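Welcome! Take a look at the view below, and then we can walk through some of the contacts together.

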Amino acid sequence: MTFSICVREPYEDDDGDQQYRFGVAITTRLPAVGVPCPHVNEHGAVATQSLTNERLGSKGIEYLADGLGIEDALQGLLNADDGSASRQLHGVSRDGEFTFSGDECNGWYGHTSGDNYTVAGNLLSGEAVVERTADKYEDLAFGDEPLAKRLIDALGAGQAAGGDKREDLTIQSAAVNVVDTGEDERAYYDNLRVDASEDPIVDLRETYRLAKQGYEDALERYEESEDEDGADDEE
C-alpha cells in the first residue's frame, strides 16, 4: 500500500505578491518511502508510486520548473514509460492538477482530486482511505496550522479509514515535504521522514512536533544572542 496527497496553496504576501505553498505527504508499508516517491519544488508537488519509477517524480518537477504545464509534463513522461500501466502518478502545479492510476495497479487502487489537491493510493483496504484523506485536507485547507502538519493530519485520517491492507508487512514509513515560495529560509520541519516504524504516521507527527519546537527554540536563542551582541557594541 501507498497513499499520498499533493497540495497547492496560493496566497498573497504582505507586499501583495503572489506566493505558493506546495506540499506532498505519503505513507507505505515498506521502509524509506521518502526517498523515491515524494517530490516538491517552488513550481509544484508530485508523488510517484505503485510500481515506483522515481524518475517520473524527479523529472516531473524539473519539467514544471522549465515552464511546462503539469498535464504535459507528467503525461509526457508516462507516454515514454513502458511500465506506465503499473504506475500511479499525481500532483499539482501553479495552475493545475494531474492524476493517473495505471490499469495494472494492485487493488484497491484509485485517485481523486479537488481544488488545489490530488490524492491517490494502491493496495488499500478500500476507497474510503483516499476519500477520508481528501476530506480531511478539505477541512484543514488554508488553515492556521503549517501545511506540513495539516498534510500529516490528512494522512492520519486515511490511515484511520483502513490504510494499507498488507497487515503482514509491519515495517512502514512516511514522509512530508513542503516548499513555500514566500519564505526566505525553509524551516527544517518542512522536510521530514520516518524511514522505518511500526506506526509511521504517529511517529511522523511527533517528529514534526519536536522538529518545530527545536527549530523555534534555536531561533529564539540566536536572536537573543544577537540582541546581546548588539547591546555590547553600543556600549
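Tyrosine 208 is buried, because its relative accessible area is 4%, under the 20% cut-off. Keep in mind that this is a predicted model. Tyrosine 208 forms an aromatic pair with tyrosine 189 that is edge-to-face, at 5.6 Å centre to centre and with 85° between the planes. Tyrosine 189 sits in the loop between β9 and β10 while tyrosine 208 belongs to helix α5, so their pair ties together parts that lie 19 residues apart in sequence. Tyrosine 189 is also buried, with a relative accessible area of 12%.

The structure holds 5 aromatic pairs. One of them joins tyrosine 188 and tyrosine 215, again edge-to-face, with 5.1 Å centre to centre and 75° between the planes. Here the loop between β9 (172-180) and β10 (191-197) supplies tyrosine 188 and helix α5 (residues 200-234) supplies tyrosine 215, so parts 27 residues apart in sequence are tied together. Is tyrosine 188 buried or exposed? Tyrosine 188 counts as exposed, at 64% relative accessibility, whereas tyrosine 215 is buried at 15%. Ring pairs link Tyr188, Tyr189, Tyr208 and Tyr215 into a cluster.

Now for the charged side chains. The structure holds 11 salt bridges, including these:

| Partners | N to O distance |
|---|---|
| Glutamate 97 and arginine 8 | 2.4 Å |
| Glutamate 9 and arginine 21 | 3.7 Å |
| Lysine 212 and glutamate 216 | 2.6 Å |

Lysine 212 and glutamate 216 both lie in helix α5, 4 residues apart, which is about one turn of the helix. Lysine 212 is partly exposed at 21% relative accessibility, and glutamate 216 is partly exposed too, at 36%. Salt bridges with shared partners join Glu9, Arg21, Arg150 and Asp180 into one network. Within that group, glutamate 9 is buried, with a relative accessible area of 0%, while arginine 21 counts as partly exposed at 23%.

Let's finish at the surface. Which residues gather there in a patch of negative charge? They are Asp115, Glu127, Glu131, Asp135, Glu138 and Asp139. Aspartate 115 is found in the loop between β7 (110-114) and β8 (117-122), and it counts as exposed, at 69% relative accessibility.

How values were computed:
Residues are numbered from 1 along each chain as its sequence is written. This is a predicted model: local features need pLDDT of at least 70, side-chain atom pairs count only at pLDDT 80 or more; totals for chains, interfaces and linings use all residues. Side-chain values use heavy atoms; hydrogens and water are left out. Patches are made of residues with over 30% relative accessible area and no salt bridge: like charges are joined within 9 Å, nonpolar side chains (Val, Leu, Ile, Met, Phe, Trp, Tyr) within 5 Å. Accessible areas come from the Shrake-Rupley method with a 1.4 Å probe; for residues, only the protein chains shown count as cover. A salt bridge is a side-chain nitrogen of Lys or Arg within 4 Å of a carboxyl oxygen of Asp or Glu. Lys and Arg count as positive and Asp and Glu as negative; His and the chain ends are not counted. The place of a charge is taken as NZ of Lys, CZ of Arg, CG of Asp or CD of Glu. Helices (H or I, at least four residues) and strands (E, at least two) are DSSP runs, numbered from the N terminus. Buried means under 20% relative accessible area, exposed over 50%, partly exposed in between (1.4 Å probe, protein chains only). Rings of Phe, Tyr and Trp (its six-membered ring) pair if their centres lie within 6.5 Å; planes under 30 degrees apart count as stacked, over 60 as edge-to-face and the rest as tilted.
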